[in-house]
Amino acid sequence: MIKRSISIFLVLIFVGVLVGCSQSGSGETSSGDAEYTFKIANVLSKEDVTSKGLDKFAELVEKKSDGNIQIDVLHGGQLGSGVETFEAVKNGNLDFAADSFANLASITPAFEMFHLPFLFESRNQFLNTMNSEKVQERVNKELEEVNLKWFTTLEIGGPRVIGTSEEKIQSLEDLEGLKFRASRSPLEIASQEAWGAKGVTVDWPETPEAVRLGMVDGLTVPYASFYSAKFHEGDLINYIADVNFQTYASVMVVNSEMWAELPDDVKKILTEAEKEAREWHVDFLGDYITENINKMKAEGVEVYTLPEEEVQKIKEVTKEKVWGEFVGKEGMPQDKLDLILEERGSVGEGGWGYQIDG
């Protein structure tokens with residue numbers, strides 16, 4: 001763990017021995033050979049699209065440090081739920097944690113503004129906002145209050161879409177009375193309630209069983225999450241309506257005090273590897289999600305679009321209720337929304353980087 005590494009570093013400084021990230025290693029090392037070992041808790045499975053980005057980050061760090069910095073990525077909720085691992089980072093008991101930033105809501109509302117339904121109309125707008133230095137600076141000021149720092153963001157696979165087991169959604173009216181699995185984001189639940197449905201909070205690892213037992217009628221997550229959790233198998237999810245109502249991502253946070261204590265050369269390697277891994281992930285994502293969709297369709301899942309007038313009805317009722325209820329609340333002031341709207345830029349060529357037809 002990093003605390004042990006930092007302690008060793010301080011002792012060596014005390015006796016006058018310079019410790020840094022040696023660049024003379026072979027690049028082939030076990031965690032026992034590394035001068036610094038960091039653990040990343042990832043609630044999503046190893047097969048999830050964001051997990052591939054975290055593994056790429058670990059690979060780049062090892063390469064750039066010649067094996068002197070080791071990243072151990074623990075996938076699949078091995079260290080607990082997203083909320084539990086975010087709390088562990090906040091309290092200084094874990095180096096990094098990655099999960100949907102929806103599950104930071106119980107700790108801080110810093111990311112909640114990004115959950116406003118229909119805030120982003122395209123991938124271009126979403127990436128512009130996530131990569132904006134002004135937006136990052138604003139969010140990090142809020143995260144400092146809970147000892148966290150925004151380290152990186154990886155797309156979970158586009159915006160949330162609507163998946164159901166038995167009921168094929170063809171209109172706003174079809175959503176009324178259904179129960180949907182929800183994360184801990186109040187805005188996700190509020191969006192579902194705006195349709196006349198009900199949001200039931202279920203942690204991600206327990207979601208397939210909740211669907212199987214009929215505790216919920218469906219869920220609202222991106223295509224990649226449906227695929228990686230195998231909702232297309234065993235008749236769990238049979239219909240996916242391509243209603244791109246809410247965009248979210250996997251955020252990796254680090255304890256801000258721990259980060260501040262790291263030597264500059266270590267921070268430089270971690271930061272460079274993060275940037276390269278994120279750029280690699282952007283290029284990787286589109287074809288991967290298209291492949292996920294095609295495989296789910298081959299297993300019998302119907303992926304379809306709604307008539308544009310029905311999409312507009314869902315959009316209008318959702319924005320009216322949710323934006324009206326939440327903008328102006330803690331963590332969601334109007335000036336923060338104005339900043340995001342300014343930084344998101346144009347829709348561009350539109351789309352989310354993947355294809356649902358073909």
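**Aromatic rings and the charges over them**

Author: In this predicted model, the charged end of Lys 168 is placed over the ring of Tyr 304, 4.8 Å from the ring's centre.

Reader: Which residue lies over the face of Tyr 248?

Author: Arg 160 does, at 3.8 Å from the ring centre.

Reader: How many aromatic pairs does the structure hold?

Author: Two rings count as a pair if their centres lie within 6.5 Å. The structure holds 18 such pairs. One of them joins Phe 111 and Trp 150, with 5.0 Å centre to centre and 75° between the planes.

Reader: Is the pair of Phe 111 and Trp 150 stacked, tilted or edge-to-face?

Author: Planes over 60 degrees apart count as edge-to-face, and the pair of Phe 111 and Trp 150 is of that kind. Phe 111 lies in the loop between β3 (96-100) and α4 (123-130), while Trp 150 belongs to strand β4 (residues 148-155), so the pair ties together parts 39 residues apart in sequence.

Reader: What other aromatic pair does Trp 150 form?

Author: Trp 150 also pairs with Phe 114; this pair is tilted, at 6.2 Å centre to centre and 55° between the planes. Phe 114 is in the loop between β3 and α4, and Trp 150 in strand β4, 36 residues apart, and thus distant parts of the chain are linked.

Reader: Are Phe 114 and Trp 150 buried or exposed?

Author: A residue is called buried under 20% relative accessible area. Phe 114 has 1% and is therefore buried; Trp 150, with 7%, is buried as well. Phe 111 is likewise buried.

Reader: Which residues do ring pairs link into a cluster?

Author: The cluster consists of Tyr 36, Phe 38, Phe 57, Phe 96, Phe 151 and Trp 259.

Note on methods
Residues are numbered from 1 along each chain as its sequence is written. This is a predicted model: local features need pLDDT of at least 70, side-chain atom pairs count only at pLDDT 80 or more; totals for chains, interfaces and linings use all residues. Side-chain values use heavy atoms; hydrogens and water are left out. Rings of Phe, Tyr and Trp (its six-membered ring) pair if their centres lie within 6.5 Å; planes under 30 degrees apart count as stacked, over 60 as edge-to-face and the rest as tilted. Helices (H or I, at least four residues) and strands (E, at least two) are DSSP runs, numbered from the N terminus. Buried means under 20% relative accessible area, exposed over 50%, partly exposed in between (1.4 Å probe, protein chains only). A charge sits over a ring if NZ of Lys or CZ of Arg is within 6 Å of the ring centre and within 35 degrees of the ring normal.
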